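Take a look at the protein below. We will walk through it piece by piece, starting with one pair of residues.

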Amino acid sequence: MVNVCVFKTCWAARRIWEDSTAQEIERLQQAASELRAQLDCYQTPDWALQSFGATIDTRRTSPTYELRSWFSRHCFWCSVNPPDTILQPGVSLGECWPMEGQQGQVVIRLRAKIRPSCVTLEHITPEMTPSGTASSAPRDVAVFGLDAGSEEEVPLVSFTFDVGEGPTQTFLLKNNHSRAFRYIKVLVKSNWGHPRYTCLYRVQVHGKVVKTEDHRTAESLNG
């Protein structure tokens with residue numbers, strides 16, 4: 001009887017060990033797969049650069065926060081950065097676009113249609129701010145692909161930008177149909193507590209450009 005109990009205990013322990021090992025292997029494989037995808041992502045250009053021809057679709061972008069104090073209205077050197085600040089590589093204190101409120105959106109027009117693979121958001125760390133906090137940083141964010149002549153919005157990813165995880169965070173997109181888009185919409189659903197505005201420092205959009213018939217014709221003529 002004792003031997004039977006020992007056998008059952010050992011068998012149960014072995015099953016628990018095998019299950020936990022299998023779960024750990026699966027977790028490691030998933031982490032490795034995500035790491036490979038991120039590395040592949042970094043090897044593609046950032047198409048949301050102003051120097052690459054990216055622009056802001058101001059018609060579909062939230063308003064910029066306005067300074068409302070008497071001093072700021074009469075201060076000729078006081079200015080607020082425009083939305084295309086997020087298309088430039090500088091990420092120093094104050095080099096951001098302050099979007100009105102805790103929620104809003106920005107629509108980026110890319111130079112060409114791309115199959116997006118990931119987006120990267122950048123924000124300064126809390127230690128770099130005078131208050132020691134990053135309450136104006138975006139928190140819950142969703143990204144969509146848009147077509148030029150359509151109101152359809154294709155959801156690509158939703159994520160939380162965690163200010164405690166570092167100033168630069170990359171998120172893989174779920175572009176299951178491998179569709180190409182000319183416009184990328186970044187929707188900020190909430191920030192980390194600032195009641196008046198949300199600051200976006202930089203948005204990067206990585207992916208592979210889709211060659212249209214016009215591109216192929218131009219390449220053949222130039223070749």
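Glu 122 stands opposite Arg 202 in β9. Keep in mind that this is a predicted model. The two residues belong to strands that pair: β3, residues 104–122, and β9 run in the antiparallel sense over eight bridges. Strand β9 covers residues 202–209. This strand is mostly covered, with six of its eight residues buried.

The side chains of this pair also make contact. Glu 122 and Arg 202 meet in a salt bridge, at 3.4 Å from N to O. The pair links distant parts of the chain. Glu 122 sits in strand β3 and Arg 202 in strand β9, 80 residues apart. Are these two partners buried or exposed? Glu 122 has a relative accessibility of 12%, so this residue counts as buried. Arg 202 also stands at 12%, and therefore counts as buried.

How many salt bridges does a search of the whole structure find? The search finds six.

Another one joins Arg 179 to Glu 152, with the closest N and O atoms 3.3 Å apart. Here the partners are in loops. Arg 179 lies in the loop between β6 and β7, and Glu 152 in the loop between β4 and β5, so the pair ties together parts that are 27 residues apart in sequence. Arg 179 has a relative accessibility of 27%, so this residue counts as partly exposed. Glu 152 is partly exposed as well, at 39%.

Next come Lys 185 and Glu 153. Their side chains meet in a salt bridge at 3.0 Å, N to O. Lys 185 is in strand β7 and Glu 153 is in strand β5, so this pair ties together parts that are 32 residues apart in sequence. The two ends differ in cover. Lys 185 counts as buried, at 7% relative accessibility, whereas Glu 153 counts as partly exposed, at 38%. Salt bridges can also share partners: Asp 46, Glu 122 and Arg 202 are joined into one network in this way.

Now turn to strand β4, residues 140–146. Six of its seven residues are buried, so β4 is largely enclosed by the rest of the structure. Which strands does β4 pair with? One is β5, in the antiparallel sense over seven bridges. A hairpin of six residues joins β4 to β5. Another is β7, again in the antiparallel sense, over six bridges. Val 143 shows both pairings. Its bridge partner in β5 is Val 157, and its bridge partner in β7 is Val 186.

Leave the strands and look for open space. The largest pocket has a volume of about 370 Å³. Its lining is made of 22 residues. Nearest its centre lie Cys 96, Ser 136, Tyr 197, Cys 199 and Tyr 201. What kinds of residues make up the lining? Twelve are nonpolar, ten are polar, and none is charged.

Two cysteines are on that list, Cys 96 and Cys 199. How many disulfides does a search of the whole structure find? The search finds zero. For Cys 96, the closest cysteine sulfur is in Cys 199, 3.2 Å away, which is too far for a bond. The limit for a disulfide is 2.5 Å between the sulfur atoms. Cys 199 is therefore in no disulfide either, as its nearest cysteine sulfur, that of Cys 96, is 3.2 Å away. Cys 96 is buried, with a relative accessible area of 7%. Cys 199 counts as buried too, at 7% relative accessibility.

Finally, step back to the whole protein. There are three helices and nine strands. Read along the sequence, they follow the pattern α-β-α-β-β-β-β-β-β-β-β-α. The protein has 223 residues, and 38% of them count as buried.

Definitions and conventions
Residues numbered from 1 in each chain as written. Predicted model: local features only at pLDDT ≥ 70, side-chain atom pairs only at ≥ 80, totals over all residues. Heavy atoms only, no water. 1 Å grid on protein atoms, 1.4 Å probe; cavity = no way out; pocket = protein on both sides within 12 Å on 5 of 7 lines; lining within 4 Å. Points joined across faces, edges and corners; volume = space filled by probe spheres on them. Nonpolar A, V, L, I, M, F, W, Y, C, P; charged D, E, K, R; others polar. Buried < 20%, exposed > 50% of the residue type's maximum accessible area, 1.4 Å probe, protein only. Helix = DSSP H or I, 4+ residues; strand = E, 2+ residues; numbered from the N terminus. Pairing = 2+ DSSP bridges. Salt bridge = Lys/Arg side-chain N within 4 Å of Asp/Glu carboxyl O.
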